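Trainee: I am new to this one. Could you walk me through it, step by step?
Mentor: Gladly; let us look together.

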Amino acid sequence: MAAHPYYPLDLEIVGYLTNEWDTLTLVSIFASGCTAIFLATYVLVMKVHPKISNSGCIHLFFEGYFAYNFRRMPSMQDLFGQLWKEYSLSDSRYQTQDAFVLCMETVTAAFWGPLSFVLAGMIMTSHPLRYPLQAIVSLGQLYGDILYYATCLFDNYILGLEYSRPEAAIFWGYFVFCNAFWIAIPLYLIYTSLCASKKAFIALAASEGNGSMKTANRKAAKSE
């Protein structure tokens, strides 16, 4: 009989301790925490800019926690540790010091998290570099999430390794739904960044064209 709930059931997880809180409690705490952060951010900055990002907290603190504690994850019993063990029901690689998820989460926490806060400040001040940075951060998030899905699907279909429990709520709720945000939102932000960049270059070209026309007109007037 397996000593843990993760797939494959014969997976060796050294030092695993069962969560002290049940799934409903953990999910409720996580949802309440996210709601509190989003509402506080909304109240603070909505009057300044309605499209500011909230992703920095999740990337920096939650994923940074995993990157820092990855060796001890199976035995962690604080809130974030139990949340990661709950999520790991849909991807047991988070309990086995897997090289890919560690590197992916570390890059996310070290770069995309802090840059999300920088981007938030740029949005609030309408900084001219807002859209280029938004495209960079969004592309990084999109690339990481696509690789996350791709490596898991490769291991499943090519190597026959199943990391998620078979329950639909776990696979579709945790693995698919929770990660789909980091594909849909970055795609939208990349699109808006490209549109803004296009408008800027069109305006620049028109301005330069008008300037050249004015110069030509002045030269023509002088020659007369």
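**A buried lysine and its surroundings**

Trainee: Which side chain of opposite charge is nearest to Lys85, and how far away is it?
Mentor: Lys85 is buried yet has no salt bridge. Buried means under 20% relative accessible area, exposed over 50%, and partly exposed in between (1.4 Å probe, protein chains only). A salt bridge needs a side-chain nitrogen of Lys or Arg within 4 Å of a carboxyl oxygen of Asp or Glu, with Lys and Arg counted as positive, Asp and Glu as negative, and His and the chain ends not counted. For Lys85, the nearest side chain of opposite charge is Glu20, 8.0 Å away.

Trainee: What should I know about the model before we go on?
Mentor: This is a predicted model, in which local features need pLDDT of at least 70, side-chain atom pairs count only at pLDDT 80 or more, and totals for chains, interfaces and linings use all residues. Residues are numbered from 1 along each chain as its sequence is written, and side-chain values use heavy atoms, with hydrogens and water left out.

Trainee: Which helix holds Lys85, and why is that helix described as largely enclosed?
Mentor: Helices (H or I, at least four residues) and strands (E, at least two) are DSSP runs, numbered from the N terminus. Lys85 lies in residues 79-87, which form helix H3. Among the buried residues of H3 are Trp84, Lys85 and Tyr87. H3 is largely enclosed by the rest of the structure because 7 of its 9 residues are buried.

Trainee: Which residues does Asp145 touch, beyond its neighbours within four places in sequence?
Mentor: Asp145 lies in helix H5. Asp145 is buried without a salt bridge, and the nearest side chain of opposite charge, Arg93, is 8.8 Å away. Counting contact as heavy atoms within 4.5 Å, Asp145 meets Asn179, Trp182 and Ile183.

Trainee: Is Leu153 buried, partly exposed or exposed?
Mentor: Leu153 lies in helix H5, which covers residues 130-157. With a relative accessibility of 40%, Leu153 counts as partly exposed.

Trainee: What is the phi of Gln97?
Mentor: Gln97 sits in the loop between H3 and helix H4 (99-125). Gln97 has a relative accessible area of 41%, so this residue is partly exposed. Its phi is positive in a residue other than glycine, near 55 degrees.

Trainee: Is Ser126 buried or exposed?
Mentor: Ser126 is in the loop between H4 and H5. Its phi is positive, about 55 degrees, although Ser126 is not a glycine. At 59% relative accessibility, Ser126 is exposed.

Trainee: Which peptide bond is cis?
Mentor: Look at the segment before helix H1 (23-45), where Pro8 is found. The omega is near -5 degrees for the cis bond from Tyr7 to Pro8.

Trainee: How far apart are the end C-alpha atoms of residues 99-124?
Mentor: An unreviewed UniProt entry places the feature "transmembrane region" at residues 24-45, 99-124 and 169-191. UniProt positions follow the numbering used here, feature names are shortened, and annotations may be inferred rather than shown by experiment. The span 99-124 is 100% helix and 0% strand, and its end C-alpha atoms lie apart by 37 Å.

Trainee: How many helices and strands does the protein chain have?
Mentor: Read along the sequence, the pattern is α-α-α-α-α-α. Buried residues make up 35% of the 224 residues in the protein chain. The secondary structure comes to 6 helices and 0 strands.
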